Amino acid sequence: MSRTYRDEAVVLRTHDLGEADRIVTLLTRGSGQVRAVAKGVRRTSSKFGARLEPFGVVDVQLHLGRSLDVVTQADTLAPHGRSIMADYSLFTTATAMVETAARLTEVEREPATQQYLLLAGALRALAERAHAATLVLDSYLLRALAVAGWAPSFAECARCSRPGPHRAFSAPMGGAVCGGCRPPGAAAPAEETFALLGALLAGDWAVADRSDDRHRRESSGLVAVYLQWHLERQLRSLRHVDRTGAARVDRTLDPAVAIIGRTA
Amino acid sequence: MSAAYEGAVADLIAELGRLPGVGPKSAQRIAFHILSTDSDDVARLADALIQVKARVRFCAICGNVAESEQCRICADPRRNDTQICVVEEPRDVVAIERTREFRGRYHVLGGAINPIDGVGPDDLRIRELMTRLASGVVTEVIIATDPNVEGEATAAYLSRLLGSMGVAVTRLASGLPVGGDLEYADEITLGRAFEGRVRLDA
């Protein structure tokens, strides 16, 4: 059997290793999450250059190692990193996406082709500024959770399937809940927010792009709560996502904290 | 590994093994090297370790390593006060000093923004930089963070933050490494090299 294999991959994150090497965490198309060593990548004369930087989509050749594989060749398919790293909001948004992808594909070498395609598509939308960054992030988070088996429900009641629209939202229950199933302390978002969440999950961009800021903020808060409830831990980068857009730098209230504070 | 030895040797191997890049085998090798050297040499090493923790601290102004309140560069009156070069680590100050190109002051951030590791803008010495700029003496801030995704994002954050303060914000150029081959340059580097091309005057 050949000891080398080739695959497409998104670079999720990198860790420095030793003097000039790095461990790159890749989400590959065919074999899920793979951690591989890129030798000498931190040297200015490295043949890899910026190809193995986070957010890039690459065509890599890997050599099977005992504990970690070794990257032998890498070619860029889509250099998303370039436009993402030049904009602080895009960078923090993309970081939250790759951290989620890393968490959802934690079992190494378990194929996760759908997660790969979803992440590659979301990074492209972000890099090309196809839609507002927070919408791309929330849509990605909802769909990634759905692929992983935690699909939320925004129309019918998540518990008894009674057709909606409903007025209450509960992350532990799995989305919208009807008056009868509603647990104490459930959030009560606006009707437009439910419509926006449904559009983000379905990928209905015509509806999502028309939404206004207030509902976007509210849905971001709900998505953050839903995500962290089902992942059963905090997403470290979500707190740092810069949702202020390009012009302003003032700190807005973290939506996750605001919602959790209200329901607790 | 260290369990096979007793007492002091085991302790030494365990402590050495905690250093970066030192595995169990290397720790064992260093420990036996120390055992076989003169007591004077070992005392010098032990003294150097204790002295470095006792004497070295961080410069109150720029955050570089220093042996007094201010580092040697901040205390030097001959340096240009109007330029500040922002770097990630004290090691980067040394790298830039070696070029002898820059005669201004430095500011060490202590890392780069890296949300996955929980490092946000508030964890870096950005507030201290703003305080230094408030006096109005500085006319140019040169951002010299690493040319990787985290360093570039930190540069983007700083340029947005400093944009309204009336100082010129510049970034170190990136492009083709001297001594390399064009065909091996990656798309991002080559693209940046094109953007930053310079006119050749006859």
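Me: What does buried mean for a residue here?
Reply: The word rests on relative accessible area. Over 50% counts as exposed, and partly exposed lies in between. Buried means under 20%.

Me: Are Phe169(A) and Phe194(A) buried or exposed?
Reply: This is a predicted model. In it, Phe169(A) and Phe194(A) share one label. Both are buried.

Me: How many aromatic pairs does the structure hold?
Reply: The count runs over all chains. Phe169(A) and Phe194(A) form one such pair, 6.5 Å centre to centre. The total is eight.

Me: Which residue of chain B is in the aromatic cluster with Phe55(A), Tyr88(A) and Phe91(A)?
Reply: The cluster has members from chain A and chain B. Phe55(A), Tyr88(A) and Phe91(A) belong to chain A. The member from chain B is Tyr157(B).

Me: Is Arg13(A) buried or exposed?
Reply: Arg13(A) sits in strand β1 (residues 4-17) of chain A. Its relative accessibility is 18%. The cut-off is under 20%, so Arg13(A) counts as buried.

Me: Which residue's side chain does Arg13(A) join in a polar contact of 2.7 Å?
Reply: The contact runs between side chains. Arg13(A) is in chain A, and the partner is in chain B. That partner is Asp117(B).

Me: What separates the centres of domain 1 and domain 2 of chain B?
Reply: Domain 1 of chain B covers 2-55, and domain 2 covers 76-171. Their centres are taken over C-alpha atoms. The separation is 37 Å.

Me: What is the area of the nonpolar surface patch that includes Val65(B)?
Reply: Val65(B) lies in strand β2 (residues 65-66) of chain B. At 43% relative accessibility, Val65(B) counts as partly exposed. Val52(B), Val56(B) and Phe58(B) make the patch with Val65(B). Its area is about 350 Å².

Me: What is the relative accessible area of Val149(B)?
Reply: Val149(B) is found in helix α7 (residues 149-162) of chain B. Val149(B) is buried. Its relative accessible area is 1%.

Key. Residues are numbered from 1 along each chain as its sequence is written. Chains are lettered from A and ligands numbered from 1 in the order in which they are written. This is a predicted model: local features need pLDDT of at least 70, side-chain atom pairs count only at pLDDT 80 or more; totals for chains, interfaces and linings use all residues. Side-chain values use heavy atoms; hydrogens and water are left out. Rings of Phe, Tyr and Trp (its six-membered ring) pair if their centres lie within 6.5 Å; planes under 30 degrees apart count as stacked, over 60 as edge-to-face and the rest as tilted. Buried means under 20% relative accessible area, exposed over 50%, partly exposed in between (1.4 Å probe, protein chains only). Domain bounds come from an automatic or database domain assignment. Patches are made of residues with over 30% relative accessible area and no salt bridge: like charges are joined within 9 Å, nonpolar side chains (Val, Leu, Ile, Met, Phe, Trp, Tyr) within 5 Å. Accessible areas come from the Shrake-Rupley method with a 1.4 Å probe; for residues, only the protein chains shown count as cover. A salt bridge is a side-chain nitrogen of Lys or Arg within 4 Å of a carboxyl oxygen of Asp or Glu. Helices (H or I, at least four residues) and strands (E, at least two) are DSSP runs, numbered from the N terminus. A polar contact is a pair of N or O atoms within 3.5 Å; within protein, one must be able to donate a hydrogen and the other to accept it, and residues adjacent in sequence count only if both atoms are side-chain atoms.
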